[in-house]
Amino acid sequence: MSKIPIIVEDNFKQTIWYNQMLKIFSKKNVQPILKSSIKTLKKDSVILIIGVSNIFINECIQLCKTNSIRCIVVGANLTETNSFVSYVTINRKATTSNIVSYFKQLNAKRIALLGINTGSIVDYEKKQGFTDSVNTLYGYNPEEDIYNYTTSAQETINNLLKRIDKYDAVICANDYFAIKLILSAKKIGINIPDDLMIAGYGNSSIGKLFKPSITSASFDYKKTALHAIKLFYFLTQNPEISNCNICIDCNVIPRETTNFFTPNTTVSFDLGIVEHDSQSIINDIPLKQILGLDEILNSTDKINSQILLGIHQNLTLSEISEKLYISATALRYRMKKIYQLTNTHSKQELYQLLINIFDRTGDIIGTDNNYQQPNINA
């Protein structure tokens, strides 16, 4: 069986959901290639493209057009149509409309959209869904209620908080923005969800643990990867077909930030896959730190999570090593990886990050090795 060629945007490779897709791709004979390799492919062959930025995807599409290659864009959907471009995408526009409708059922009078990256195809779809649904359900243009990502997550949140008295609900571009918003809102006395209801995107592990837990839209990227592979073989076996599109629905999972309110028309499934716009997060240190913690919590390797628990409890490295039955050398290696993921540079800095997010007095869930897992603090 021949290899399935795939081009992946560099920023995308650093995300949790790419790793989820990679687990599927690694079993299905997928071969990553460089953009420059497109010209070496046979005419009318098929290639997968994964990315989130307009620039990257358009560059790949143009190379495919020049070399008469059919391409499948996975996870994003351009507004322009091309006869040789297929899409396997998440229905983010409909999902955002569902969240607006969800807040409408909760009697929200005015809703804000926070953290939109104007250079992201992913966020463009969310913005479209928000604008269309607010126009339909509320009867006005919500342009001034959209808070685009600026120079940092905190500045973007501050812009919203200056006008927060106008809103009783906020849709965040991802769960990490939702966490940052709640932390900032708490400092000025805003209670979630009584004063302000919040929903995010991605159904992240850290969003589930956060207190209050984040109501979130869930995306199944494993299913997306499988559909992309099936579409690849379909197009390869049918060269007369130039394109075919697949759109995957997702669901809203109610949690504490909306008081677990269950919408009338949506059934929720906990898929456990996180989505966010990689460009703005990777360039924003506070969001990147939350993303790193989420990646640790989402990993099947639970030793690093146990190390975090030890750091949170202010144990020494030797105490952590002893409790986890790992050598000092192994612990140092893991600490180095944790520092990289969380963008911290010392045990004390990591400890400060954890106590800023984790609730030291919250309910405790027992884990192995006599550790206790703290809930996360708003």
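Mentor: Ser 120 caps the N-terminal end of α4, with a side-chain oxygen 3.2 Å from the backbone nitrogen of Val 122. This is a predicted model, where local features need pLDDT of at least 70 and side-chain atom pairs count only at pLDDT 80 or more, while totals for chains, interfaces and linings use all residues. Residues are numbered from 1 along each chain as its sequence is written, and side-chain values use heavy atoms, with hydrogens and water left out.

Trainee: What else does the side chain of Ser 120 reach?

Mentor: The backbone nitrogen of Asp 123, at 3.2 Å. That is a polar contact (a pair of N or O atoms within 3.5 Å; within protein, one must be able to donate a hydrogen and the other to accept it, and residues adjacent in sequence count only if both atoms are side-chain atoms).

Trainee: Where is Ser 120 found, and is it buried or exposed?

Mentor: Ser 120 is in the loop between β6 and α4. Helices (H or I, at least four residues) and strands (E, at least two) are DSSP runs, numbered from the N terminus. Ser 120 is buried, with a relative accessible area of 2%. Buried means under 20% relative accessible area, exposed over 50%, and partly exposed in between (1.4 Å probe, protein chains only).

Trainee: How far apart are the end C-alpha atoms of α4?

Mentor: They are 25 Å apart, which agrees with the 26 Å that the 18 residues of α4 (residues 121-138) should span at 1.5 Å a residue. The expected span is 1.5 Å times one less than the number of residues. After α4 comes Gly 139, with a positive phi near 80 degrees.

Trainee: Which residues of α4 are buried?

Mentor: Among them are Ile 121, Val 122, Asp 123, Phe 130 and Tyr 138.

Trainee: New topic, then. What is the strand order in the open sheet of 6 strands?

Mentor: The order is β2-β1-β3-β4-β5-β11, with parallel pairing. Two strands pair if DSSP finds at least two bridges between them. β2 (30-32) and β11 (245-248) are at the edges with a single partner strand each, so one side of each has no neighbour in the sheet.

Trainee: How many bridges join β1 to β3?

Mentor: There are 3 between β1 (residues 4-8) and β3 (residues 46-50). Ile 6 stands opposite Leu 48 in β3.

Trainee: And Leu 78, where does that lie?

Mentor: In the loop between β4 and β5. Leu 78 is buried, at a relative accessible area of 8%. Beyond its neighbours within four places in sequence, Leu 78 is in contact (heavy atoms within 4.5 Å) with residues including Asn 54, Ile 57, Tyr 87 and Ile 121.

Trainee: Which way do the residues of β8 point?

Mentor: Ala 169 and Ile 171 point one way from β8 (residues 169-172), Val 170 and Cys 172 the other, and all are buried. β8 is joined to β6 (residues 111-116) by 4 bridges and to β9 (residues 197-201) by 3.

Trainee: Last one. Which residues touch the most other members of the largest nonpolar core?

Mentor: Of its 51 residues, they are Leu 114, Leu 160, Val 170, Leu 181, Ile 198 and Leu 350. Helix α6 (residues 175-187) gives the largest share, 8 residues. Such a core is a set of buried Ala, Val, Leu, Ile, Met, Phe, Trp, Tyr and Cys residues joined through side-chain atoms within 4.5 Å. A second, separate core of 49 residues includes Ile 24, Val 46, Ile 146 and Leu 231.
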